[in-house]
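Please look over the structure shown below before reading on.

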Amino acid sequence: MPVRYLVKRLLLLVLVVWTAATVNFFIPKLSPRNPIMERLQQAAFGGGRQQTGLDAMIKQYQHDFGLDRPLWQQYLTYLGNVSHLDFGYSLAQYPRKVMDVIKDAMPWTIGLAFVTTVLAFVIGTILGALIAWPKSPKFLRALVPPLMALSAIPFYMFALILIYFFAFQWHIFPLAGAFSRGAVPGWNPTFMLDVLRHALLPGLSIILTAIGGWALGMRGLMVMTQGEDYITYAEAKGLKPSRIFLRYALRNALLPQMTGLLLSLGYIIFGTSLVEVVFGYPGLGSVIGAAIGSLDYFTIYGVIMILVLTISVVTLLIDLIYPLLDPRVKYERG
């Protein structure tokens, strides 16, 4: 790969991250709400009596968090913190630091969203390829209407349907949470089975609705691939249908699908956020939902920037490794 092209892509990455960081900083500031005032007033009124010195306490906390400084100073401090991924303390969960909150939620999001996205991709891709292949069983084509219907349903809507039947009506699975109350977290079979049982419903809501999109996308790619000259040539050589399917049709149709998978992995935080909220799952989706509700600036900054960095790095990696996946793609020198 030309060094000049690589330098351009890295500069573009820096520009994208800076732009996203800037937008991420200013949008929460547009709200007229004061999160520190709201939290302290809630604590004061929860005490059952009128608290004195509340205004002075609010000013002190605003000073401690740097929210009383001019906006441009807050912005420069924020950019410095972003450069080494230090977003300070959470306003809603003080004195916990934002990165500690993210580290606690990240394994749950990876365990749920990453695994379900990959499973949906594998199942949907294979199913879509078989549906489009002329020599496949004809009954597979009957799956197209239900796949289209499932792909049109949002994750969270399907999650509510599953909760109603499997948790509320039939009591097969728990209503919410990542594990049972009173369970002691640990790497033991009892706790892991409990976690798996709680993850089945949110996982199914993601997998069943995402399979349709992957299958329909792969079906379209396979249909286009079947008209290519190399497929006709392989058939003329008398190769086995299974080899033509795997080595020629599926392999070439899979490249755009892989690009979609890598990009979707960058969006798993927001793609499953409402599912996590519906099921009370302690992942990053629930963290960002709670942070937006309480206007926790620093937690919002942290989660959004983790998302932006993930998507930007994944996009760069796709651009760099795509010529290795498809030899027909070459970057010109100069």
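Does Lys97 count as buried, partly exposed or exposed, and at what relative accessibility? Lys97 counts as partly exposed, because its relative accessibility is 30% and the class lies between buried, under 20% relative accessible area, and exposed, over 50% (1.4 Å probe, protein chains only). This is a predicted model, in which local features need pLDDT of at least 70 and side-chain atom pairs count only at pLDDT 80 or more, while totals for chains, interfaces and linings use all residues. Residues are numbered from 1 along each chain as its sequence is written, and side-chain values use heavy atoms, with hydrogens and water left out.

The structure holds two salt bridges, a salt bridge being a side-chain nitrogen of Lys or Arg within 4 Å of a carboxyl oxygen of Asp or Glu.

| Salt bridge | N to O distance |
|---|---|
| Lys97 and Asp86 | 3.6 Å |
| Arg96 and Asp104 | 2.2 Å |

Asp86 is partly exposed, with a relative accessible area of 26%, as is Arg96 at 31%, and Asp104 counts as partly exposed at 45%.

A nonpolar surface patch of about 560 Å² is made by Ile110, Phe114, Val115, Leu119, Val122, Ile123 and Ile126; such patches join nonpolar side chains (Val, Leu, Ile, Met, Phe, Trp, Tyr) within 5 Å, and like charges within 9 Å, from residues with over 30% relative accessible area and no salt bridge.

Terms used
Areas by Shrake-Rupley, 256 points an atom, 1.4 Å probe, with all protein chains shown as cover.
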